[in-house]
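I opened my notebook to look up a few things in this structure.

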Amino acid sequence: MEKLLHYTWKHKLLPLGTLRTTDGREVEVISPGLHNRGNAGPDFFNAKIKMDGMVWVGNVELHVKASDWYRHRHDEDSAYDNVILHVVEVADMDVETSQHKVIPTLVVPVPQHLRRDYAELLNTDKYPPCYKIIPSLPALKVHSWLSALQTERLEQKTTAIVERVRMMNGSWEDAYFATIARNYGFGINGEAFDAWAKAMPMSAAAKHRDNLFQIESMFLGQAGLLGKVDEKYSKEYEYLRHKFGFQPMNAALWRYLRTRPQNFPHVRLLQLAQMYHERRTGLSELLECKDVKAIGKLYDMKGTKLALMVINTAVPAIFAYGRHHAKEQLCERAFNLLEALKAEDNNIVRLWADCGLEVNDAGGSQALIQLKKEYCDHKDCLRCRFGHDFLTGEYRNAFLSEGELEGS
């Protein structure tokens with residue numbers, strides 16, 4: 001498996017003793033280079049390799065079999081002409097660049113313990129698969145990885161908000177309103193609210209913002225949900241539709257099944273209309289909020305609903321705006337808001353707690369959600385810091401008997 005060879009090379013899990021290329025040159029790996037996670041070009045950039053006393057700086061390509069070089073047609077691609085070393089598990093032939101230059105080949109076997117431990121991570125039915133090592137992880141290492149995951153999750157949400165800004169002609173206010181709308185769906189109707197926000201021209205709504213009835217009519221009419229409410233909204237919407245040339249969204253997107261009455265889409269839209277009418281959906285108003293209490297007052301929410309809106313709406317919007325406009329104090333505020341909220345109570349958080357990793361605030365629970373969705377669910381243990389500790393073999397010293405160690 002080529003990804004295990006990449007891991008072996010990246011972490012310099014190399015055979016003991018002197019390394020030699022297939023043509024006898026002595027090799028010292030000073031730096032394995034920067035791992036290229038893209039689809040094009042050599043696997044590692046800017047590696048530093050000493051061969052027969054001479055230091056070479058360039059790229060390294062890895063394959064299970066050397067002949068894969070030709071199977072992937074690297075011999076026809078000039079992007080591979082600056083490869084200084086070909087690292088393989090099986091050296092079944094020599095290879096050349098498009099300039100017919102022979103590239104030195106180094107055989108690097110994937111350690112057997114790495115194959116075995118990686119297979120265990122992939123095949124175990126228990127979640128998380130690295131549960132054995134969790135109790136022995138140093139607190140500093142856990143904190144460092146969770147902090148990185150928390151930032152990673154916020155950056156993903158930032159990307160989504162910035163894309164909304166682009167779709168809304170650069171308007172951060174409209175993009176923030178669309179973010180509020182999406183999260184008003186609370187899961188099952190999130191996509192429908194997203195589609196509704198795209199179909200709702202906020203420039204038209206702004207002209208009638210002081211008239212709650214007209215805002216309600218616009219919101220319900222654009223959602224295609226006039227049949228769920230009093231007929232008076234239909235008459236008002238027809239007037240507004242003619243005035244602005246509205247085109248309502250496809251009402252089939254809305255979900256009512258297994259939804260509580262207080263969460264019905266038309267009920268949520270009426271609440272959102274009230275919030276918009278009272279000027280509580282503006283990004284400028286949110287940026288004035290310094291703590292969770294202030295946001296609760298702005299959203300007129302409390303308890304679990306407030307926590308969800310802070311986590312999924314307020315924090316990403318504040319962080320995205322702060323990151324995009326280089327306002328570090330806003331980014332810091334986003335992290336502080338997460339730390340001020342209790343950890344979410346969900347299956348993911350409980351499963352990690354069962355194996356010894358407990359979190360106390362929403363920043364920690366968001367990190368664990370990111371860990372599961374982006375690493376565990378994809379079996380991407382090779383990029384996970386907990387997975388790395390599992391694969392380095394440290395856990396065997398803590399969990400396996402002396403006899404098992406001798407037989408491994």
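My entries follow.

**Ground rules.** I am reading a predicted model, where local features need pLDDT of at least 70, side-chain atom pairs count only at pLDDT 80 or more, and totals for chains, interfaces and linings use all residues. Residues are numbered from 1 along each chain as its sequence is written, and side-chain values use heavy atoms, with hydrogens and water left out.

**Confidence.** I looked up pLDDT, the predictor's confidence in each residue, from 0 to 100. The chain has a mean of 93, and 96% of its residues reach 70 or more. Over residues 399–408 pLDDT stays under 50. Where pLDDT is low, the predicted coordinates should not be read in detail.

**Cores.** A nonpolar core is a set of buried Ala, Val, Leu, Ile, Met, Phe, Trp, Tyr and Cys residues joined through side-chain atoms within 4.5 Å. Buried means under 20% relative accessible area (1.4 Å probe, protein chains only). The largest core has 68 residues, and Trp 196, Trp 254 and Ile 295 are among those with the most contacts inside it. Apart from it lies another core of 49 residues, including Val 29 and Phe 386.

**Contacts.** I counted contact as heavy atoms within 4.5 Å. Ile 295 touches Leu 286, Cys 289, Leu 306, Val 310, Ala 314 and Leu 337, leaving out residues up to four places away in sequence.

Methods. Buried < 20%, exposed > 50% of the residue type's maximum accessible area, 1.4 Å probe, protein only.
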